[in-house]
Amino acid sequence: MSTPRRIAVIEVNHWHSTYDAAYLTVLQNLDLDVELVGVSDSDAEIAEDRARRYETTAFTDYREMIDATKPEFVIALGRHVEMPEIAGYLIEADIPFMMEKPMGTSAGVVSGLADLAEARGAWVSVPFPNRQSPWAAKAREMIAADEFGPISHIVFRIIRPTMQRYVEWDSPWMLDRSQAGGGALTNLGGHGMDMSRFLLGEDVQVVSAVISNIVHASEVEDYALATLRSSSGTLVHVEVGYTMPTWPANESDSEMKVAGANAMLQAVPDGLQILAPGRNEHLDTPVTVLSAYPGFVRDCLERVGRGDPPAITPRDCANAVQLIDDAYRAAGRV
């Protein structure tokens, strides 16, 4: 197989089309021979805007776009509630694609998509780029070498700026629970939920959770804190929110840490820090989570070209969404 060249992007009302992950910009700057053959969105104005900015063709129906452009790979975005229908269509059409998390608004629906993808042998990937972060790579290396000893806890915190950014980024549906499924826990919590399984290689369960919307008074939460426990007893604290008070500066308050009996590894502003008896080591790591997205897209395209399976699958996404659903139940949201 050859590396996919013709790429289409579905439902570009999702902020990741042009902000944060900025997939359209990634495709524009990717040092591979790729062509953006079309963008789609049910909002004609948004579709035309993205098409004009990225010199491609706009469509208001993604099915028409697929039929007209015959893409070899698709990046699928859109409102969370619409993702299952889009994913199902692409799986049945046998088109390799990457879809943003959470792929749906409930664990049952996302698990059903994972079942379908597996039954059809479909090539589907979900971006959890924190897996490719230097912190995650070093943590896995140290866990494999038993450098931590018994691991007490893992901390994954990401607090992003105001919900207003979604309104300004053409994604006001993120404030609507019926469209988004939830707030910070749905949108950001999956990264931490996925990371807990990825690092520990164990089953994890939610033992407690709280959510709050005291800052923005929206119908979706702007802050959430969930504690998970692995089968061996490690606690994982997943803290997410939209309460970083710096907007319009697009900044985050983040923490990634593994703490064990013999060592601690944490991400620091300019790299990684390892603390242990007689050891205080700093490692320079210029790669950030956002800068990992181009590498993730490249990896997807190259894997398809080689005939390799995706690094992160719909089943991984379904597992993360199940933990999100469990956290909502623990927090008392119905």
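**Entry 1**

I started with W135 and left aside its neighbours within four places in sequence: W135 is in contact with I154, M195, L199, M256, K257, V258, L265, Q266, A267 and L272. A reminder to myself: this is a predicted model.

Next I looked up the largest nonpolar core, which has 101 residues. W135 and M193 are the residues with the most contacts inside it. Which helix gives the most to this core? I found helix α12, residues 314–331, with eight residues. As background, nonpolar side chains in soluble globular proteins tend to be buried together.

**Entry 1: the strands around K257 and Q266**

K257 stands opposite Q266 in β12. Strand β11 (residues 253–260) and strand β12 (residues 264–268) run antiparallel and are joined by three bridges. The two form a hairpin, with three residues between them.

I then followed Q266 onward and found it opposite Q273 in β13. Here β12 pairs with strand β13 (residues 271–276) over five bridges, in the antiparallel sense, and the hairpin joining them passes through two residues.

Q273 in turn has H282 in β14 as a bridge partner. Six bridges join β13 to strand β14 (residues 279–284), and these strands run antiparallel. Their hairpin has two residues between the strands, and G278 in the turn has a positive phi of about 75 degrees.

**Entry 2: G192**

I looked for G192 and found it in helix α10, residues 189–200. Is G192 buried or exposed? It is buried, with a relative accessible area of 0%. Apart from neighbours within four places in sequence, G192 is in contact with F156 and V238. I also checked G192 against K138: they are 54 residues apart along the chain, and their C-alpha atoms are separated by 16 Å.

For β6, I looked up the pairing with strand β5 (residues 97–99): they run parallel and two bridges join them. M98 has S125 in β6 as its bridge partner.

I turned to helix α4 (residues 83–93), whose buried residues are M83, P84, I86, A87, G88, L90 and I91. The cover over these buried residues includes β1 (6–10), α3 (62–69), β4 (73–76), β5, α5 (107–120) and β6. After α4 comes D94, with a positive phi near 60 degrees.

**Entry 3: salt bridges**

How many salt bridges does a search of the whole structure find? I noted 29.

R50 and D170 meet through their side chains in a salt bridge of 2.9 Å, N to O. This pair links distant parts of the chain, 120 residues apart: R50 is in helix α2 (residues 44–53), and D170 is in the loop between α7 (164–168) and α8 (177–180). R50 is buried at 0% relative accessible area, whereas D170 is partly exposed at 31%.

R157 forms a salt bridge with E255, with the closest N and O atoms 2.5 Å apart. R157 lies in strand β7 (residues 151–161) and E255 in strand β11, so the pair ties together parts that are 98 residues apart in sequence. R157 is buried, at 17% relative accessible area. I also wrote down a network in which salt bridges that share partners join D49, R50, R52, R53 and D170.

My last stop was E221, in the loop between β8 (204–212) and β9 (223–230).

D20 is in the loop between β1 and α1 (23–29). D20 counts as buried at 17% relative accessibility, and a polar contact of 3.3 Å joins its side chain to that of R165.

How values were computed
Residues are numbered from 1 along each chain as its sequence is written. This is a predicted model: local features need pLDDT of at least 70, side-chain atom pairs count only at pLDDT 80 or more; totals for chains, interfaces and linings use all residues. Side-chain values use heavy atoms; hydrogens and water are left out. Helices (H or I, at least four residues) and strands (E, at least two) are DSSP runs, numbered from the N terminus. A nonpolar core is a set of buried Ala, Val, Leu, Ile, Met, Phe, Trp, Tyr and Cys residues joined through side-chain atoms within 4.5 Å. Buried means under 20% relative accessible area, exposed over 50%, partly exposed in between (1.4 Å probe, protein chains only). Contact means heavy atoms within 4.5 Å. Two strands pair if DSSP finds at least two bridges between them. A polar contact is a pair of N or O atoms within 3.5 Å; within protein, one must be able to donate a hydrogen and the other to accept it, and residues adjacent in sequence count only if both atoms are side-chain atoms. A salt bridge is a side-chain nitrogen of Lys or Arg within 4 Å of a carboxyl oxygen of Asp or Glu.
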